[in-house]
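The sequence and the model are shown first, and the notes follow by topic.

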Amino acid sequence: MATAAVRIPQQAISLPIKGLAKGPQIFIHEGARQALERRLELAFGGPVQLGVTDNLRRMVTQTRSSGRLRVRLHMMFLGAEERVKTALVAYVVHADRDASQVVGEFIEQNLHRIRASRKAPGKLVTAGQVHDLEGLLHDVNQRYFAGTVSDVLITWGRKTKPRAAGQRTSIKLGSYSATERLIRIHPVLDQRWVPRYFVQYVVYHELLHHLVPEARVGGRVLLHPPEFQRRERDFQQLSRALTWEQKHIDRLLRAS
Ligand SMILES: [Zn+2]
């Protein structure tokens, strides 16, 4: 795979992380990095240099020398919710114990984003005949996550052999592989009669799988835990998308 097989369009505010020659290039959100750096500076009361990395063994490291604070963070912190960022600042600057707990839990919940180490097999294809997945992912990322989700890849899935009519009874319109950090979208959605908002919904749903880990409750694994369901309702055209799906599921099954 070419290193340029990047789905997040390379805006001026995103900078590639250095030292990742192999595999897809990961982009960090420079605006989010600077904002966090400023918060650290305010709390620290002196100059702070914030570096953002991917695949760290240590999620948060810091060194202090001659009045300057240097912090290195895993990129997932840039997209963390307010509560976690506040705790992160308190933990880094004041070694606050409660804050350390919050940061620790956040890391624990997001381990799946760090372990993602397997290279996505084959070539990623984002341009379709009708729908452009890179553009769709970009829009979703901007609208719902302020552009902070940059450690995920997307591709159209492979076309499977057509089956005899009526043979297929279910279809996976999208999937997310945590080990590859890769969203796959079923190629049956790349058709003129499939509206853009519906494909966008499928992308949004799979992106949530990247962001919200599965939960274990009493030995059961919840793929769509309460937090997932709550955040899924943030999708602005959710009911429209679900209605469309119901109406067209038979046609999707036949077409796949
Ligand atoms: Zn799901």
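Two strands count as paired if DSSP finds at least two bridges between them. The model is predicted. In it, strand β7 (residues 174–177) and strand β8 (residues 182–185) are joined by four bridges, and Ser175 stands opposite Arg184 in β8.

**Sheet and hairpin**

- Strands β7 and β8 run antiparallel.
- Besides the position of Ser175 opposite Arg184, Ser177 stands opposite Leu182 in β8.
- Four residues lie between the strands in the hairpin of β7 and β8, and Arg181 in this hairpin has a positive phi near 55°.
- β7 and β8 belong to an open sheet of three strands, ordered β6-β8-β7, in which the pairing is mixed.
- The edges of this sheet are β6 (153–156) and β7, each of which pairs on one side only.
- From one strand to the next, the twist averages 20°.
- In general, strands of a sheet pair through backbone hydrogen bonds, in either a parallel or an antiparallel way.

**Helix pair α2 and α3**

- Helix α2 (residues 82–94) and helix α3 (residues 97–109) have axes that come within 8 Å and cross at roughly 125°.
- Because of this angle, α2 is oblique to α3; an angle would have to be over 145 degrees to count as roughly antiparallel, and 65 to 115 to count as roughly perpendicular.
- The crossing of α2 past α3 is left-handed.
- On the α2 side, the contact is made by Arg83, Val84, Ala87, Leu88, Ala90 and Tyr91.
- On the α3 side, Ala99, Ser100, Val102, Val103 and Phe106 make the contact.
- By class, the residues of this contact are nine nonpolar, one polar and one charged.

**Val125 in its loop**

- Val125 is located in the loop between α4 (111–115) and α5 (133–145).
- The relative accessibility of Val125 is 37%, so this residue counts as partly exposed; buried would need a value under 20%, and exposed one over 50%.
- Leaving aside residues up to four places away in sequence, Val125 touches Leu133, Thr155 and Trp156.
- Val125 and Arg158 are 33 residues apart along the chain, and their C-alpha atoms are separated by 9.4 Å.

How values were computed
Residues numbered from 1 in each chain as written. Predicted model: local features only at pLDDT ≥ 70, side-chain atom pairs only at ≥ 80, totals over all residues. Heavy atoms only, no water. Axes fitted to C-alpha atoms, helices over the stretch in contact; angles between N-to-C directions. Helix = DSSP H or I, 4+ residues; strand = E, 2+ residues; numbered from the N terminus. Parallel < 35°, antiparallel > 145°, perpendicular 65-115°, else oblique. Left-handed = near helix turned anticlockwise from the far one by under 90°. Contact = heavy atoms within 4.5 Å. Nonpolar A, V, L, I, M, F, W, Y, C, P; charged D, E, K, R; others polar. Buried < 20%, exposed > 50% of the residue type's maximum accessible area, 1.4 Å probe, protein only.
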